[in-house]
Amino acid sequence: MAAPAPDQAILHSDNFFSSILSLNLAQLLGSTIAISIGLPLCRFVLRDYSNFLALGPGGTPSNFVGYLRISYLRLFTIKDPFSPPPATHSERPVSGFLRELPKRPQPRPSVAGIAPHRQTNQKPPKYLYQLLRIALYSLVSANSKLLRSGNSCFEKHGLALFLCLCPQCPDAECHTELFHSGPTHMNPTCKDTGEICHLHPSDSSMHLTLHPADAALVISQGWGERHPLAGCAILGFGGRLLPEGFVMVYAPQEIGQIGVLKDIVRAAG
């Protein structure tokens with residue numbers, strides 16, 4: 001068999017090295033694109049995860065699995081937390097319980113997260129947090145047959161108030177009309193525990209469920225905003241995690257605001 005001519009050998013060699021060079025260029029281009037996309041994405045995830053951890057403990061585990069859960073829930077959040085919840089004809093009573101609220105003098109604080117869902121500024125001094133706790137306990141003392149205190153079902157820690165259910169409150173007579181009746185205290189996440197509000201030690205804000213009319217008043221007067229998942233149907237979670245009127249009430253900035261917050265909690269009861 002005759003050996004290939006020198007020119008043909010050189011031609012085959014050039015084609016071989018051209019193929020190798022093209023392959024290397026394609027791999028280099030692919031690696032460059034992957035790095036240019038991957039590095040910013042990694043930086044974003046690390047920064048976002050750090051921000052998630054900075055919000056402190058809440059109902060979601062403070063680890064990467066909890067972060068992934070929250071990242072999924074972001075797909076279902078409401079567009080505007082300052083829009084009032086829709087009123088429905090099924091609400092009983094039809095009107096809310098708050099007759100009026102003063103305008104909150106401070107601008108709205110910055111709020112971040114889903115669970116935890118917290119203020120990132122306007123965090124009051126510790127004594128205001130303690131005064132707010134005392135105010136919540138005073139509601140329980142004044143309505144001992146209707147209310148009890150305990151650890152939050154939502155947060156798994158922190159002070160919460162619950163509407164008395166007879167088996168849990170030995171002295172309760174289940175006459176909820178003495179306070180006010182209605183299903184607005186019930187939340188699907190905590191089923192029938194009757195949790196009506198909970199207080200966050202990290203920022204002194206609260207979460208509670210309000211009648212749509214009361215939630216609209218609280219929002220319009222600058223005292224709070226709806227939770228990002230309020231009323232949202234979550235795929236894979238069996239429907240809504242939170243009712244339409246689930247609201248964050250901002251932390252008090254002065255002693256005179258404690259009474260206003262106490263009135264709002266009373267309306268949630």
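In which sense do β6 and β10 pair, and over how many bridges? They pair in the antiparallel sense, over 4 bridges, where two strands count as paired if DSSP finds at least two bridges between them. Residues are numbered from 1 along each chain as its sequence is written, and side-chain values use heavy atoms, with hydrogens and water left out.

The names come from DSSP runs, helices being H or I of at least four residues and strands E of at least two, numbered from the N terminus. Staying with β10, M206 has V249 as its bridge partner there. β10 also pairs with β7, again in the antiparallel sense, over 3 bridges, and E225 stands opposite M248. Both faces of β10 are covered, since F246 and M248 on one side and V247 and V249 on the other are all buried, and buried here means under 20% relative accessible area, with exposed over 50% and partly exposed in between, using a 1.4 Å probe and protein chains only.

Let me turn to helix α5, residues 257-268, whose 12 residues reach 17 Å from the first C-alpha to the last, close to the 16 Å expected, that expectation being 1.5 Å times one less than the number of residues. Its buried residues, including I258, L261 and I264, pack against several elements, among them α3, β4 and β10.

That brings us to the largest nonpolar core, which has 32 residues, and in which L210 and I264 have the most contacts; such a core is a set of buried Ala, Val, Leu, Ile, Met, Phe, Trp, Tyr and Cys residues joined through side-chain atoms within 4.5 Å. The largest share of this core, 7 residues, comes from α5. Leaving aside residues up to four places away in sequence, L210 touches, among others, V247, I264 and A268, a contact being heavy atoms within 4.5 Å.

Finally, how far can we trust the picture? The average pLDDT, the predictor's confidence in each residue from 0 to 100, is 83 for the protein, and 77% of the residues score at least 70. Over residues 172-186, however, the pLDDT is below 50, although this stretch has 35 contacts in the model beyond near neighbours in sequence. Where pLDDT is low, the predicted coordinates should not be read in detail.

Notes
Predicted model: local features only at pLDDT ≥ 70, side-chain atom pairs only at ≥ 80, totals over all residues.
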